[in-house]
There are 2 protein chains.
Amino acid sequence: MTSFEQSLRHAEAEHQETIDNLIELFGLSDDTLSLEQEVETTLSKLAHEFLRDARASTDIELAELARAFSDSRIPVDSTQIDSYINSISTNLIAHSNNTASPRYIGHMTSALPYFVRPLSKLVTAINQNPVKMETAKSFSPHERQVIAMMHRLLFDLPEEFYDLHIHRNESTLGMMSSGGTEANMAALWCARNHKLGPEPGFEGVSREGINATLKHYGFDGAVIIGSELIHYSFDKAGDVLGIGGRNVVRVALDGENRIRLDELRRVVAECKERNLCVLAIIGVAGSTDCGAVDPLEQMAAIAREFGIHFHVDAAWGGALLFSKSHRDILAGIEKADTVTIDGHKQLYLPMGTGLLLIRNPELAKVVEKKANYVIRPGSQDLGKRTWSGSRPAMVLFFHAALNIIGLRGYELLIDEGIRKAKYLAEAVERRPDFELLTRPQMNIMTYRFIPQQLRAKAVSGLLSDDENRFINKVNERLQKAQRQAGKSFVSRTTSFNTRYGVHLPIVGLRAVLANPLTTQADIDAVLEDQLSIGERLSGPLSVTSDLR
Amino acid sequence: MTSFEQSLRHAEAEHQETIDNLIELFGLSDDTLSLEQEVETTLSKLAHEFLRDARASTDIELAELARAFSDSRIPVDSTQIDSYINSISTNLIAHSNNTASPRYIGHMTSALPYFVRPLSKLVTAINQNPVKMETAKSFSPHERQVIAMMHRLLFDLPEEFYDLHIHRNESTLGMMSSGGTEANMAALWCARNHKLGPEPGFEGVSREGINATLKHYGFDGAVIIGSELIHYSFDKAGDVLGIGGRNVVRVALDGENRIRLDELRRVVAECKERNLCVLAIIGVAGSTDCGAVDPLEQMAAIAREFGIHFHVDAAWGGALLFSKSHRDILAGIEKADTVTIDGHKQLYLPMGTGLLLIRNPELAKVVEKKANYVIRPGSQDLGKRTWSGSRPAMVLFFHAALNIIGLRGYELLIDEGIRKAKYLAEAVERRPDFELLTRPQMNIMTYRFIPQQLRAKAVSGLLSDDENRFINKVNERLQKAQRQAGKSFVSRTTSFNTRYGVHLPIVGLRAVLANPLTTQADIDAVLEDQLSIGERLSGPLSVTSDLR
């Protein structure tokens, strides 16, 4: 018996079974580690079977699923591990979405490289907390390195810059976050606190709050400006940061779903005229709904001209930096002040790997926090300038992937995704039963099914608004039916910026092509699924009377 | 060759090596899975060796460590997995902190139950994203269930309440978050948006921003009120939410480090008089620096009297709910509007498992967001009322632990931690070479080493301010030396609320007793380490001339 076991047994002799269980659970004895190995084998098998099943999901109804999770009592006694695994295997894992399936091409998920699976276990086992050096001694400089690598990929500043700042305590080249939403919010937090910073006799917005600060600087309000396609996390940021969702100003789009520069300039000027403080201009590099990329170079110039923080949301598109052939799609991104890139999107990392990159190493000082028990003044704790507090050391996934996939590997993955999106776009264009809604600027695109009775009109561009509304309903039902059937999956979105005019929302099927496992045959199969569902749904229907 | 391999090979014949590598990395062939198994075996061995080494850390200097992570270039070519693992094993894992070591009793980390390690792999493998149903079909109702279980443990509302709300789309019983900081910020976000909500003709703070909303409701400012010991995440929240750090008002403490109720009442009344909107009162249930618990029952009554949101930060202490013997320490917590509990603290889960519980199921509607491509109106997507956007399905750790450890298991773990803290406190009190600074209200406590030349004075309560400053320096150096030596670890903090008066900061050694592997012998050994370091450091020194 180890001393830990003795200690526990000593405690409460009456709870023998509970004590036995805890000793088994927490110990590092050979018994526990061989039990861990058994569980590992079982769960690996479960995971691999799940991944190898190419279905996007099962067809279970949500109500039935909910019934399996309807007990709100915590079990008093311990459940045996085998029976626990059996139960989640049947109820939970079996009905998860296979977000890695080659025919699940509807969201920003993909197959992941195999090494992230065992690596997860290591991250959990060593359980570092990068909020402070004392809980992440080696992971703190390691995280700084990874952030510098990504910073250099993007901003490509001179070698001496990185030699100086990579481990300089006063410098912050970026922040890890759990996702893109938090990276975007953190970027605007920095922008806001910088713009409305302290001056002699005044502590700035961080300490004084927005109300007092706007008054102090004589502004009537504060705004954030981006296109109509900026991610909804900017509405959240506007709300959270006290700016207000309605002060997240959305500028009209051009025909390619990019921000209209003349309109941007007009809105900026108008805000200045109305005495509103423009906290940031947001550029989109890969819009969530159709992968559109704003004219970043020109936006950066406007931001510079007016002295405004320029943030680029490249949560999706940032990975194009790895591709020599496609990097120019992001031209101008290197002039941004802050950039969001998600590891769990096109860097093929697991969920939870958001990243904000910050060009000026001094910027994040405007959000610095301290405490007596942690991140004391002068400490090298990363937590003093991050959005999160305690958090897992997800940076290890970045580090592993940058090394094991490498620049060339990422380049090929990106190029392949874009090639496949073109393939799908061309396939859709060739067919009268589908209509392309957005040509892919990278590897996201939208299109829709056209019911047989309307194909001739659609081809000739003669669809009435009512007919378009009918097609909307068909596509909405089609997407839901395809999702429910579970053989394949695309998502859907609604656009107000189509050839049919800004008054008419158009429902589109949305495909995201990033999974290296997705082949042209898979893409064809997804279309065939949609065609057969679409025909079945719309065949017997009349445009005027049904589906209203 | 699988079709996926054919597809990739077809792409770019010139990059054969890169293509081979990608096929190996992303495929699900037997070859890849057996490679995964090899990596799994290697990393498990590495993890287990790391965990079994009881040292708290190595004694490597930070500067040397930083040198190992100083290259900011992303490798062009792929690194072989073996050599990658070798490199992180030497540079990164070897110098991580063993936060699970029985003699690492300085932060809120512990040994974890073994099943979280293989479970991590499953979470990564299935890579669900609970932001929306389409990427987390079964995990969405599953997360709702786990949140309901924790809600019930805490608020203990009638069965019918849970039957009604557990899966009701309009109801939100809580939010998962990456950590306590985010849970606290999310709580205050809800409180702020509720207090300053919409009314006919006005959209409320969420849409209008703080500036316009305070004006609309005729307030001169907004504040949050808590004790001097509230966590620094509330400063962050004050900053982020646009309230301003200086408007996070800190109320004086009583002799037991709890908020003074008379002072709280006075401050609330004063804020009302000064026409400031009190957004929330914060109760602490387990202060980070010494585990103090505010008088929650009475605070709840004051909050109710004045119509103020009552948030309890039980990130650390919330787990006491599992203990019949100690649950009463938290009496009144069930009257809170929102409560933060961290899974990665006393629920023995990995980092990244923060949780906010919300009593009123309708409250979170004040933070709801929507988008066209996701969380559409009427959708059941969890992401419409969360702080985060995309995030990993960390809830599975909660679920597994609640089942496999069970109520009784948690109860025993909590009771044991409190028993060990008492043991340490008594050991410290018995010895003249140490002084107890805070008696543990749960399982965190502070104490300090007293150099030999001052022990008699310390015992008689005759230490001068200069002598106390000397002792501060000794303890600061002691803590750093113990940390650097790496055999054992406690953290340190600074208190202004000791018997020595509010003018004099007192440096304390801070011990957190939660690790089930920590025995009384370990506790004794930590004290012995400190004694020998302390004697060595302070022996030859003079109070008046040295260590200034």
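In the predicted model described here, the axes of helix α7 (residues 139-155) and helix α14 (residues 395-404) of chain A come within 10 Å and cross at roughly 55°. α7(A) and α14(A) are therefore oblique to each other. The crossing in which α7(A) passes α14(A) is left-handed. On the side of α7(A), the contact is made by A:Phe139, A:His142, A:Glu143, A:Gln145, A:Val146, A:Met149 and A:Met150, and on the side of α14(A) by A:Val395, A:Leu396, A:Phe398, A:His399 and A:Leu402. By class, the residues of this contact comprise 8 nonpolar, 3 polar and 1 charged.

The axes of helix α9 (residues 180-195) of chain A and helix α11 (residues 233-240) of chain B come within 11 Å and cross at roughly 70°. That angle makes α9(A) roughly perpendicular to α11(B). Chain A contributes A:Trp189, A:Arg192 and A:Asn193 of α9(A) to the contact, and chain B contributes B:Lys236, B:Asp239 and B:Val240 of α11(B). The contact of α9(A) with α11(B) has 2 nonpolar, 1 polar and 3 charged residues.

In chain A, 7 strands form an open sheet with mixed pairing, in the order β1-β7-β6-β5-β4-β2-β3. Its edge strands are β1 (174-177) and β3 (248-251) of chain A, each of which pairs on one side only. On average, and with direction ignored, neighbouring strands of this sheet are turned by 20° against each other. Within the sheet, strand β6 (residues 338-342) and strand β7 (residues 354-358) of chain A pair in the antiparallel sense over 5 bridges. The bridge partner of A:Thr338 in β7(A) is A:Ile358.

Two helices of chain A lie across strands of this chain. Helix α11 (residues 233-240) of chain A lies across β3, β4 (276-284) and β5 (309-313) of chain A and runs at about 150° to β3(A). Helix α13 (residues 296-306) of chain A lies across β4 and β5 of chain A, at about 165° to β4(A).

For chain B, strand β7 (residues 354-358) was examined in terms of both burial and pairing. This strand is mostly covered, with 5 of its 5 residues buried. B:Gly354, B:Leu356 and B:Ile358 point one way from β7(B), whereas B:Leu355 and B:Leu357 point the other way, and all are buried. Strand β1 (residues 174-177) of chain B runs antiparallel to β7(B) and is joined to it by 4 bridges. Strand β6 (residues 338-342) of chain B also pairs with β7(B) in the antiparallel sense, over 5 bridges. B:Leu357 of β7(B) stands opposite B:Gly174 and opposite B:Val339.

Chain B also contains an open sheet of 4 strands in the order β8-β9-β11-β10, with antiparallel pairing. The edge strands, β8 (434-438) and β10 (491-495) of chain B, each pair on one side only. Neighbouring strands of this sheet are turned by 40° against each other on average, direction ignored. β10(B) and strand β11 (residues 506-512) of chain B pair in the antiparallel sense over 5 bridges, and B:Thr493 stands opposite B:Gly508 in β11(B). Helix α18 (residues 520-538) of chain B lies across β8, β9 (444-449) and β11 of chain B, running at about 30° to β9(B).

In chain A, strand β8 (residues 434-438) contains A:Phe434. At 4% relative accessibility, A:Phe434 counts as buried, the cut-off being under 20%. Apart from its neighbours within four places in sequence, A:Phe434 is in contact with A:Val428, A:Tyr447, A:Arg448, A:Phe449, A:Ile450, A:Leu527, A:Gln530 and A:Leu531. A:Phe434 and A:Glu411 are 23 residues apart in sequence, and their C-alpha atoms are 31 Å apart in space.

Helix α6 (residues 116-126) of chain B has 11 of its 11 residues buried, so it is largely enclosed by the rest of the structure. The buried residues of α6(B) include B:Arg117 and B:Lys121 as well as B:Leu119, B:Leu122 and B:Ile126. Their cover includes α3 (30-52), α5 (81-93) and α6 (116-126) of chain A, together with α3 (30-52), α7 (139-155) and α14 (395-404) of chain B. B:Asn127, which follows α6(B), has a positive phi near 45°.

How values were computed
Residues numbered from 1 in each chain as written. Chains lettered and ligands numbered in written order. Predicted model: local features only at pLDDT ≥ 70, side-chain atom pairs only at ≥ 80, totals over all residues. Heavy atoms only, no water. Pairing = 2+ DSSP bridges. Axes fitted to C-alpha atoms, helices over the stretch in contact; angles between N-to-C directions. Contact = heavy atoms within 4.5 Å. Parallel < 35°, antiparallel > 145°, perpendicular 65-115°, else oblique. Left-handed = near helix turned anticlockwise from the far one by under 90°. Nonpolar A, V, L, I, M, F, W, Y, C, P; charged D, E, K, R; others polar. Buried < 20%, exposed > 50% of the residue type's maximum accessible area, 1.4 Å probe, protein only.
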